[in-house]
Every structure is written in C-alpha cells, then in structure tokens.
Amino acid sequence: QVHLVESGGGLVQPGGSLRLSCAASGFTFSYSAMRWYRQAPGKERELIAEITSNGPVTTYADSVKGRFTISRDNAKNTVYLQMNSLKPEDTAVYYCSTRRALRDYWGQGTQVTVSS
C-alpha cells in the first residue's frame, strides 16, 4: 500500500529557507518518479517540481525555478524539496505525490507559511 508522509513545513520569514521531506513506503521508490505540488487557499493544486527515477532529471514550475531544489535519497526512500528565498506567495500546503498504475497517490500535506 502506497504511503507518503510529508514533514518539514512551518512558519518562516520572507527570504528564509525550509526543507521539506517526504518519506515513501509501499512501492519500489527507486523506480518511481516523484512530484511536489502545492495548494494555496482558494487556488488549484499546482505542480511545482518533479524528479525522475533515472538520471535523475528534475523539472520545475517557473514560479519556483532557481529558488527550489528537488532531490531524492533512494537509500532512505525519501524525496526532498529545498526551498530558498521564500516569498509570501509561496504560502500553501505542500504535497508529495507519485503515480502507480495510472493512479496518483498523495501524502497528507505540510503547511508552509511565509510571513513576517
């Protein structure tokens, strides 16, 4: 059974940094692409970063490119999102996700609030 657990969110001042983690279980992590999404109040869920199983290759939304870095540790079955130069508009619930057999799986999310 696929299980994803995000952690690392919190309150940070503008310009600050946070590192989110997503611990995965129930599937072969090293063979799976992983994604980070976020959803701000009143907005649709937004794909912000993806990392493939091979390479790995990373892609980013324009809104976070140059500030956020996605990475993975296959030995720990964990994907990370390093977030630097945070802005108030980065405030959202952040989710990790993976797709298995054409179905998307999600964690419970972790709240990130950027405010002075």
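Predicted model: local features only at pLDDT ≥ 70, side-chain atom pairs only at ≥ 80, totals over all residues.

Biologist: What makes Arg38 buried?

Modeller: Arg38 has a relative accessible area of 7%, and since buried means under 20%, Arg38 is called buried.

Biologist: How do you know that the side chains of Glu46 and Arg38 meet in a salt bridge?

Modeller: The N to O distance for Glu46 and Arg38 is 3.0 Å, and the rule asks for a side-chain nitrogen of Lys or Arg within 4 Å of a carboxyl oxygen of Asp or Glu, so the pair of Glu46 and Arg38 qualifies as a salt bridge. Both residues also belong to a network of salt bridges that links Arg38, Glu46, Arg67 and Asp90, and by this rule the structure has a count of 6 salt bridges.

Biologist: Why is the contact of Asp104 with Arg99 called a salt bridge, and how accessible are Asp104 and Arg99?

Modeller: The closest N and O atoms of Asp104 and Arg99 are 2.7 Å apart, which is within 4 Å, so the contact meets the rule. Asp104, with a relative accessible area of 29%, is partly exposed, and Arg99, with 45%, is partly exposed as well.

Biologist: What makes Asp62 exposed?

Modeller: Asp62 has 67% relative accessibility, and because exposed means over 50%, the label holds for Asp62. Asp62 forms a salt bridge with Lys65, where the closest N and O atoms are 3.2 Å apart.

Biologist: How do you know that a disulfide joins Cys22 to Cys96?

Modeller: The S to S distance is 1.9 Å, and a disulfide requires sulfur atoms within 2.5 Å, so Cys22 and Cys96 pass the test. Cys22 lies in strand 3 and Cys96 in strand 9, so the link ties together parts that are 74 residues apart in sequence. Cys22 and Cys96 are both buried, and their link is right-handed, with 45° about the S-S bond.

Biologist: Which residues touch the most other members of the largest nonpolar core?

Modeller: They are Trp36, Val79, Leu81, Met83 and Tyr94, in a core of 27 residues. Among the elements that give two or more residues to this core are strand 4, strand 8 and strand 9, while strand 3 gives the most, with 4 residues.

Methods: Residues numbered from 1 in each chain as written. Heavy atoms only, no water. Buried < 20%, exposed > 50% of the residue type's maximum accessible area, 1.4 Å probe, protein only. Core = buried A, V, L, I, M, F, W, Y, C linked by side-chain atoms within 4.5 Å.
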